[in-house]
Amino acid sequence: MSHASNSPEATVLLKATGLQKSFGDHEVLTSIDLQIGKGQVLALIGPSGSGKTTVLRCLNGLEIPDGGEVAFDKGPTVSFTSKTTQRQAQVLRSQSAMVFQNYNLFPHMTVLENVIEGPVRVQKRKRAEAIAEAESLLARVGLAEKRDQYPHQLSGGQQQRVGIVRALALKPSLLLFDEPTSALDPELVGDVLRVIKELADEGWTMVLVTHELAFAREVADEIVFMDQGVVVERGHPDVVLRAPQNERTQQFVHRLLNPF
Amino acid sequence: MTVDWNLFLDSLWPITQGALKGTIPLSLISFVIGLAIALLMALMRLSGNAVISFIARAYISAIRGTPLLVQLFVIFYGLPSIGVTLNPWPSAVIAFSLNVGGYAAEVIRAAILSVPKGQWEAGYTIGMSRTLTLRRLILPQAARVAVPPLSNTFISLVKDTSLASVVLVTEAFRKAQEIAAFSQEFMLIYIEAALIYWVICLVLSMGQTRLERRFDRYVAR
Ligand SMILES: Nc1ncnc2c1ncn2[C@@H]1O[C@H](COP(=O)(O)OP(=O)(O)O)[C@@H](O)[C@H]1O
Ligand SMILES: [Mg+2]
């Protein structure tokens, strides 16, 4: 459960400081600080609307924060102001790949085409090489024989595994998961979580937004609990999920563990 | 009234020739150029820049708010008075292209907007630029939505090219007019011309169906 990389001296991969974001006069993120060590899994939890998705989107520049900074170790650093453009934020995207709640696969492309699109069109890798890699990644998640199917021919769980493979194929230094199992039928959740767990064990660095607290406890090195745009509590999963200090965390965890 | 079948058969080839040398190439060329204009106008309308968006909006409004025949006359009979004299063919191509550009722009804009926002974001997160996302992800998906309305635009265009007869382009309808004037068999010849337009449009409808089926490969039914 705890990885070697969880030690304090693990290299920092990503440091986000003072992320602030408003939509109109609605302040969605107040001042978010996050730090992720190489190989670490950070689970972001919190009530719906607390700003988890917005944090993820700020980390890859999909959303432009009004203030704050995102810095990758040996990589790009972007200091955001209200004048930062999409183009300036784009450098962050070469570092991370995102897995969406509703997959967002490309419906007009086959599974294989979905996976190689980024490597071939963006990273300009050789097509044959990209295909070989895509095939082995698909085989890993048990979807080798689906390579020529279209997304609509797959179940939700299969689509999400393709979504994960599409992200992996880019060889990012950071994986961002936004509630990857929230849209799935309950019996399909396990297949996807198993893949994420394997990736965590392999040493991928990831930020995972999830409501699956048991899973978060299993894979995460650190839990960050957010509410109303601020980090309320953070720490080791055993502490935050078992013996939370903050009252809001206590209520949230209690509600998720005892839904009735 | 007796039908002069000999005249009918004798005029079949000349009118068809008018279609092959006039109607069909005029339609095809104008449609292709018109689509390019339409795509440009659609993207301009969608751009965040208020001035650019306004220009596109004004263009679309002007094209849709004025009769095609008047547009044709402005270009062929109007432009020479300010020193720009164009031959019948180029005049017709310009008028029809601009016209298609105005109508198809709204179709393409709507089709682009029908693609879920998540597709743009998925493109961005795999590192694509806006342009690459548009070209590889958004337009191919928008195309599926746009095929039926654009087919309508194309079919309308084929019929509208008969207006080119008034600016002296030799196409199917002008041929028919000549034969009718000569033979005085107006009913027969104009019905014959109508039938030829109908056949062309039937073929186009079949093409539309095939195209739609191809695009349906990737959507759940
Ligand atoms: N594009 C947007 N425009 C306006 N408000 C938004 C936008 N995106 C998110 N919000 C608001 O920001 C808040 C946080 O949203 P989000 O980050 O999606 O929360 P979470 O993922 O924790 O449910 C919500 O109140 C949401 O309504
Ligand atoms: Mg969310």
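**A tour from sheet to interface**

Start by selecting Ala16(A): its bridge partner in E4(A) is Val70(A). You are looking at a predicted model, so keep that in mind as we go.

Strand E1 (residues 12-23) and strand E4 (residues 67-72) of chain A run antiparallel to each other and are joined over five bridges.

Next, bring in the rest of the sheet. Four strands of chain A make an open sheet in the order E2-E1-E4-E5, with antiparallel pairing. Color strand E2 (26-37) and strand E5 (77-80) of chain A: each has a single partner strand, so one side of each lacks a neighbour in the sheet. On average, neighbouring strands here are turned by 10° against each other, direction ignored.

Show its side chain together with that of Glu121(B): the two meet in a salt bridge, 2.9 Å from N to O. Between chain A and chain B the count is two salt bridges, alongside seven residue pairs in polar contact, both residues at pLDDT 80 or more.

On the side of chain A that touches chain B, H3(A) gives the largest share, four residues. By class, that side holds eleven nonpolar, seven polar and five charged residues.

Finally, select the whole interface. Here 23 residues of chain A contact 21 residues of chain B, and the two chains bury about 2,000 Å² between them, 60% of it on carbon and sulfur atoms.

How values were computed:
Residues numbered from 1 in each chain as written. Chains lettered and ligands numbered in written order. Predicted model: local features only at pLDDT ≥ 70, side-chain atom pairs only at ≥ 80, totals over all residues. Heavy atoms only, no water. Contact = heavy atoms within 4.5 Å. Buried area = accessible area lost by both parts, 1.4 Å probe. Salt bridge = Lys/Arg side-chain N within 4 Å of Asp/Glu carboxyl O. Polar contact = N/O pair within 3.5 Å; in protein donor to acceptor, adjacent residues only side chain to side chain. Helix = DSSP H or I, 4+ residues; strand = E, 2+ residues; numbered from the N terminus. Nonpolar A, V, L, I, M, F, W, Y, C, P; charged D, E, K, R; others polar. Pairing = 2+ DSSP bridges. Axes fitted to C-alpha atoms, helices over the stretch in contact; angles between N-to-C directions.
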